Amino acid sequence: MIYDYYVGELYIKNQQFNTCISICEYTFDRVFICVYILIIFVCDIISKNYKNKKIIYTNPQMSRTHLIEHENQGSVYGYDKLDYELKTGPLASRSCNDIICLITFLGTWALMIFLALNAYRDGDIKRVINPYDSNNNQCGFGSYKDYSNVYIMDKDTFYCVKDCPGQNDVNKPLQCLNCNNANAIYASQQIITLCLPDLKSQAYEIVNGMIQTGNLQKYIGDLQQTWPIILGSAGLAFIVCLILTILIKYTASCIVWGMIIIYLIVLAAIGTIAYIQRTSKDLDEIKYIDDDNTLKWIQWVFWGLAVLSLLLIFCFAKSIKTAISILKAAADFTRDEWQAIFIPIFTFVFIVGFIAFWLVSSAFIYSTGDVEKSPNHPYNEFKWSDKTGFQLLFFLFTLLWNVSFCIAFCQFVISSACCFWYFKQAGADVSSPIFKSICRGLTYNLGSIVFGALILAVVWTVKIVLDYIHKQMKDVLQNNGAINCLMKYCQCLVSCFEKFVRFLNQNAYIMIALTGRGFCGAAKEVFSLILRNTSRVFITHGLGELFEFIGSIFVSALTTVVCYYIVTQNSHYKDSLTSPIAPTIAFLLIGYVIGKMFMSLYGMGVDAILICYLVDYESNKNEGGPKHAPPTLQHFLSEYS
């Protein structure tokens, strides 16, 4: 109890708990990957004792089974032996890997279909969406078969109606059964099975209080009015993405160095402002912080960070220049292999289709529960049995696994196409790289992709469970600082581990595309490669993620601003809208989704080109460095080598 009291006082009363957790999450996010790589490195030293390996050189004429190994792993790709043919691009000779995981995935699909078919047979989705009248007669069933909508008169009276009355039907008899010839008292619009009144109607307050529809009708009406502009925003976002690719190609250096300069200026400016406020007596009235010691700490900390950052920039200047050239090369890839943009689009469509199937199937499973009719409410509530609960949990996990698989497959195909593109100067067959990548992903490497998706799905499941427990224990956590701290700490760890797994999977898929190995072997190899090229990898990966984020925001913002201007300035839309909020949100989401899909292609290109470059560099280290880099990288190497 004493410990609980002090923890509660420290984190809750002083309102510093969330700040502490944010700092903890930020720290773990950066440290977790490094710690895991270190563990892999130490385990590999113990298991293989690589210091005692002999020097073995291979003849270039040797067959595929011959391998390369050098002292201190100087030109070894991974800590395992290097296949010589990797010098000329992705290996053509492959075999199926991670078969057990693939069989499990197919078995999960079979069980999911079996449960869905049973739910379609035993359940009825109308039990979920069809309402009741005030006499407990369900609309759309039996004699009410043609009367599937509910029209609410007041809090105690609501009828099943055939069609929702419009503006011309007010004060006219309702098309209903057993309603005592009641007349329509307000105009309405059908929303699924609910007759929702106009926002200005007094009845809207009653309906909204019972169903809690909010401003649903207003938003739907505004979206219907602006649907041509909403469709046009998708085309505009796509055009902006194409223009952005050209800008990245020619302005990557300016953007990167500009961001670095702004970063240094901000650090120095914060320290300078703290110094001026501490030493100037004329600014006493506008001081944000009165404590001179605090201002002194802020001054020296930010000045120190500025100096340290400047030194690090000088030390890693060549790595930054390499990252810039890789960013430019990724822009070349998206331009040369423009067909790859359809991979994220098809992935998005498949995910939407699967979610639609999942929602319908889950609704049917949900409808197999026992009905608990609430008094004075037109819609049902259901009580689950243990069987129904387990089925819904299983469906939730299959949703996470399949969404993760779609993302993983998209990443693999783009990575594989990028590997073909990188090694095209080495004689790699670059005809139909997208088609070849899809074929490899659906055959030899399907099990490995499923395995990586499974790991991420498990992490997502744990994260959802922790969030659910946190919400269910909200009242307990408010009165118990220790448990609250422990729960936040667990959520922080899971969130950081999720980011690590995403980083692991993304790079493992690139290695699978190159070598055809299983997921675990590819993940180990790529981390060995990253471990020996830490500065290059993290600078390039960080800049790639930054460009991906900025690009997505830029596309979304520009699309939203242009379309918002149209709907607010054009008299046709300006006079018919109740508010531009819903269309603006639609513009924002469409622009962001399209920008994110396009920039994810660019981001995967950056990571794939980086790994290919490191493989090319290490496998040809004794022969003068990379031999097969694309022209943009070759120009950089010739200039700075």
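This is a predicted model: local features need pLDDT of at least 70, side-chain atom pairs count only at pLDDT 80 or more; totals for chains, interfaces and linings use all residues.
Is Asp 98 buried, partly exposed or exposed?

**View 1. Asp 98, a residue with positive phi in a loop.** Asp 98 is partly exposed, and its relative accessible area is 21%. Since buried means under 20%, this residue falls outside the buried class. You will find Asp 98 in the loop that runs between strand E2 (82-83) and helix H3 (99-122). Its phi is near 55°, a positive value in a residue other than glycine.

**View 2. Asn 171, a second residue to check for its backbone angle.** Here phi is near 65°, again positive in a residue other than glycine. Asn 171 sits in the loop between strand E4 (157-161) and strand E5 (188-191). Asn 171 counts as exposed because its relative accessibility is 60%, and the exposed class begins over 50%.

View 3. Helix H8 gives the most, with 5 residues.

**View 4. Ser 404 and its contacts.** Ser 404 belongs to helix H11 (residues 386-422). With a relative accessible area of 2%, Ser 404 is buried. Which residues does Ser 404 touch once its neighbours within four places in sequence are left aside? The contacts are Ala 453, Leu 456, Ala 457 and Trp 460.

**View 5. Phe 354 and Phe 357, one of the aromatic pairs.** The structure holds 19 aromatic pairs. In this one the ring centres are 6.1 Å apart and the planes meet at 50°, so the pair is tilted. Both residues lie in helix H10 (residues 342-367), where they are 3 residues apart, about one turn of the helix. Their surroundings are worth a look too. Phe 354 is buried, at a relative accessible area of 6%, whereas Phe 357 counts as partly exposed at 26%.

**View 6. Phe 394 and Phe 395, an edge-to-face pair.** These rings are 6.4 Å apart, centre to centre, with 75° between the planes. Phe 395 is buried, and its relative accessible area is 0%.

**View 7. A cluster of aromatic rings.** Which residues do ring pairs link into this cluster? They are Phe 105, Phe 397, Trp 401, Phe 405 and Phe 409.

**View 8. The whole protein, for orientation.** The protein has 20 helices and 8 strands. Of its 641 residues, 46% count as buried. Among contacts with a separation of 6 or more, 70% come from residues 24 or more positions apart. The protein exposes about 33,100 Å², and carbon and sulfur atoms supply 63% of that area.

Conventions:
Residues are numbered from 1 along each chain as its sequence is written. Side-chain values use heavy atoms; hydrogens and water are left out. Helices (H or I, at least four residues) and strands (E, at least two) are DSSP runs, numbered from the N terminus. Buried means under 20% relative accessible area, exposed over 50%, partly exposed in between (1.4 Å probe, protein chains only). Contact means heavy atoms within 4.5 Å. Accessible areas come from the Shrake-Rupley method with a 1.4 Å probe; for residues, only the protein chains shown count as cover. Rings of Phe, Tyr and Trp (its six-membered ring) pair if their centres lie within 6.5 Å; planes under 30 degrees apart count as stacked, over 60 as edge-to-face and the rest as tilted.
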